[in-house]
Amino acid sequence: MKIFQIVSDLSYGDAVSNDVFAVDDVLKEYGYDTEIYAGFYSDKRIKKKIKPINSIYNKISSEDAVIYHLCIGTEITDWFKKLNCIKILRYHNITPPEFFYGYNDKLIEITRFGRQSVFELAGNVDFAICDSEYNRQELIDCGFKNTSSIPVIIKFDDYRQKPSEEIIKRYNDDKKNILFVGRSAPNKKIEDIIIAFDYYKKNINNNCRLILIGSDSVPSYTEKLEELINNLGTGDIIRPGHIKFDEILGFYKSADLFLCMSEHEGFCVPLLEAMYFDVPVIAYNAAAVPETLGKGGIVFKNKNFAKIGEIMNLILNDEKLKDVIIKNQRERLRDFEYDKVKKRFVESIREVLPK
Amino acid sequence: MNDFLLINNEAAEIIEKKIKKKYINKENISEKWDNMSKDFNMRKDAVTEIKNIKDMLTEMSNNADIRTVRQLIPFGERYGKIRFFLRRIIRKLIKWYIEPIVSDQNKYNNETLAVLKELEKRIEVLERNAEKL
């Protein structure tokens with residue numbers, strides 16, 4: 001028996017791709033014969049580990065298992081549905097199309113198609129493993145029966161690498177660094193982070209800096225954000241774009257606060273990364289965000305910018321409060337330890353694999 | 001549970017107590033920033049067309065270079081393996097004919113794209129000047 005992992009797009013460093021590679025490592029560790037197939041991949045750093053999806057023909061027998069990572073609308077879903085083997089869906093959620101209205105018609109089409117295809121998969125897979133309870137509930141609502149919730153598998157050891165000294169040197173000054181990590185997409189509500197920062201800087205503490213890390217996935221949205229930044233004239237907003245891994249680590253090491261205003265997340269790995277680096281997290285209560293944070297971090301239920309500004313100020317200046325938050329975050333992070341999640345994943349998958 | 005914070009831990013409780021004192025008389029100040037967030041999304045519809053042009057140009061850039069070799073997806077077909085093999089042979093046989101045509105088309109695509117990008121830039125400058133007037 002062989003286990004094939006299939007995904008439409010694979011790149012270096014994003015949450016879904018990291019999960020695919022982590023699942024592959026875990027399955028290999030437990031003695032399974034595995035392969036990864038992807039529709040699109042171009043990054044040199046991952047090319048050797050992946051095979052093109054069109055070369056999978058005739059390789060899957062009825063005894064094999066296919067784990068399909070679903071996070072976007074693609075024709076692969078229909079092909080996967082018709083496969084005659086053990087079918088496991090790894091559901092990472094698909095951003096609802098309404099977030100892209102007015103920004104990108106193609107993304108509206110792809111995400112709508114993707115969410116419709118989830119309904120069609122119900123009753124056509126043997127098992128579905130979601131990376132959050134929020135995602136699992138979505139599948140149940142679509143009519144899925146055999147489901148479980150196991151977080152994204154994260155190799156926290158990777159974060160022990162040396163961070164960029166240049167970044168630490170440049171940003172570890174007397175300014176308070178407020179950080180957000182995530183691609184520039186409308187569901188992340190980066191405009192609200194900018195507005196919250198603007199309020200904080202103009203009304204409470206001028207000695208601060210906002211760092212927004214993430215690649216540009218919707219150019220028209222990014223452009224509108226740039227327009228907002230220019231109109232507000234806040235200053236001290238750093239947008240380094242998609243950067244090297246050691247530089248990301250450097251920014252996490254320099255951060256004083258992680259602010260998340262996102263309104264749709266299937267899991268949100270950066271929240272765990274912030275927790276790992278002992279950066280206090282404050283986040284808006286939406287989708288899987290409160291579930292991922294658990295008892296760690298601070299969650300607010302409405303976007304009142306004055307209150308958010310006061311919370312930011314309290315956390316940034318009250319060392320005792322910061323210590324309590326970090327203690328809670330460290331405790332929450334234990335639930336996502338690599339060995340724990342790995343074990344849960346394998347136990348879960350064994351339920352549908354032949355003994 | 002409070003109306004603003006999700007009381008999920010002791011830190012949230014501490015903040016809840018402290019924020020009440022600090023927040024008094026700040027409700028009016030907040031309104032300006034609260035409206036900014038609403039405006040950002042309202043104005044979204046008004047600028048849709050301009051943004052779509054930019055996205056369309058990005059999309060065109062991605063598709064400007066036509067590849068002569070396409071991924072053949074054999075799965076799910078009857079006699080898929082034979083069809084797949086035949087398609088590969090046909091593709092190789094017509095390569096000498098197709099490639100020069102595609103090359104000419106690519107040249108034309110890239111030149112058109114360059115002109116469109118230039119025009120888009122000029123429109124942007126004109127719009128800015130019109131706004132100033």
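**Close-ups of a predicted two-chain model**

**View 1. Strand 1 of chain A is mostly covered, with seven of its nine residues (2-10) buried.** Keep in mind for this and the other views that the model is predicted. On one side, strand 1 of chain A runs parallel to strand 2 (residues 33-41) of chain A, and eight bridges hold the pair together. To get from strand 1 to strand 2, the chain goes by way of helix 1 (residues 15-29) of chain A, a right-handed β-α-β crossover. Strand 1 of chain A also pairs with strand 4 (residues 65-70) of chain A, again in parallel, through five bridges. Here, Val7(A) sits opposite His69(A) of strand 4.

**View 2. Stepping back to the sheet, we get seven strands of chain A in the order 3-2-1-4-5-6-7.** The sheet is open and its pairing is parallel. Strand 3 (50-52) and strand 7 (147-149) of chain A are the edges, each pairing on one side only. On average, neighbouring strands of this sheet are turned by 25 degrees against each other, direction ignored. At the strand 7 end, three bridges link it in parallel to strand 6 (residues 127-130) of chain A. Cys130(A) has Ser149(A) of strand 7 as its bridge partner there.

**View 3. Two helices of chain A meet the sheet strands: helix 1 and helix 4.** Helix 1 of chain A packs on the sheet and touches strand 1, strand 2 and strand 4 of chain A. Its direction makes about 170 degrees with that of strand 1 of chain A. Helix 4 (residues 133-142) of chain A, in turn, lies across strand 5 (86-91), strand 6 and strand 7 of chain A. The angle between helix 4 and strand 7 of chain A is about 165 degrees.

**View 4. Chain A splits into domain 1 (2-149) and domain 2 (157-335).** Domain 1 of chain A puts 16 residues into the contact, while domain 2 of chain A puts in 14. Which element gives the most to the domain 1 side? That would be helix 4 of chain A, with three residues. Sorted by class, the domain 1 side that touches domain 2 of chain A has seven nonpolar, seven polar and two charged residues.

**View 5. Ala255(A) sits in the loop between helix 8 (245-254) and strand 11 (257-260) of chain A.** Leaving out residues up to four places away in sequence, Ala255(A) touches Asn177(A), Leu179(A) and Val279(A). Arg209(A) is 46 residues away from Ala255(A) along the chain, yet their C-alpha atoms are separated by 9.6 Å.

**View 6. Helix 9 (residues 269-276) of chain A is mostly covered, with seven of its eight residues buried.** The buried ones are Val269(A), Pro270(A), Leu271(A), Leu272(A), Glu273(A), Ala274(A) and Met275(A). After helix 9 of chain A comes Asp278(A), and its phi is positive, near 55 degrees.

**View 7. Chain B is built from five helices and one strand.** Starting at the N terminus, the elements of chain B run β-α-α-α-α-α. Of the 133 residues in chain B, 8% are buried. Among its contacts between residues at least 6 apart in sequence, 52% join residues at least 24 apart.

**View 8. Where chains A and B meet, 42 residues of chain A and 41 residues of chain B take part in the contact.** On the chain B side, the elements giving two or more residues are strand 1 (5-6), helix 1 (10-23), helix 2 (27-46), helix 3 (48-63) and helix 4 (80-93) of chain B. Helix 2 of chain B gives the most, with 10 residues. By class, the chain B side that touches chain A comes to 18 nonpolar, 10 polar and 13 charged residues. There's strand pairing between the chains too: strand 13 (residues 298-300) of chain A and strand 1 of chain B run antiparallel, joined by two bridges. Phe300(A) has Leu5(B) as its bridge partner in strand 1 of chain B.

Conventions: Residues numbered from 1 in each chain as written. Chains lettered and ligands numbered in written order. Predicted model: local features only at pLDDT ≥ 70, side-chain atom pairs only at ≥ 80, totals over all residues. Contact = placed C-beta atoms within 7 Å. Helix = DSSP H or I, 4+ residues; strand = E, 2+ residues; numbered from the N terminus. Nonpolar A, V, L, I, M, F, W, Y, C, P; charged D, E, K, R; others polar. Pairing = 2+ DSSP bridges. Buried ≥ 20, exposed ≤ 12 C-beta atoms within 10 Å, placed from the backbone. Right-handed = clockwise from strand over helix to strand, strands pointing away. Axes fitted to C-alpha atoms, helices over the stretch in contact; angles between N-to-C directions. Domains from an automatic or database assignment.
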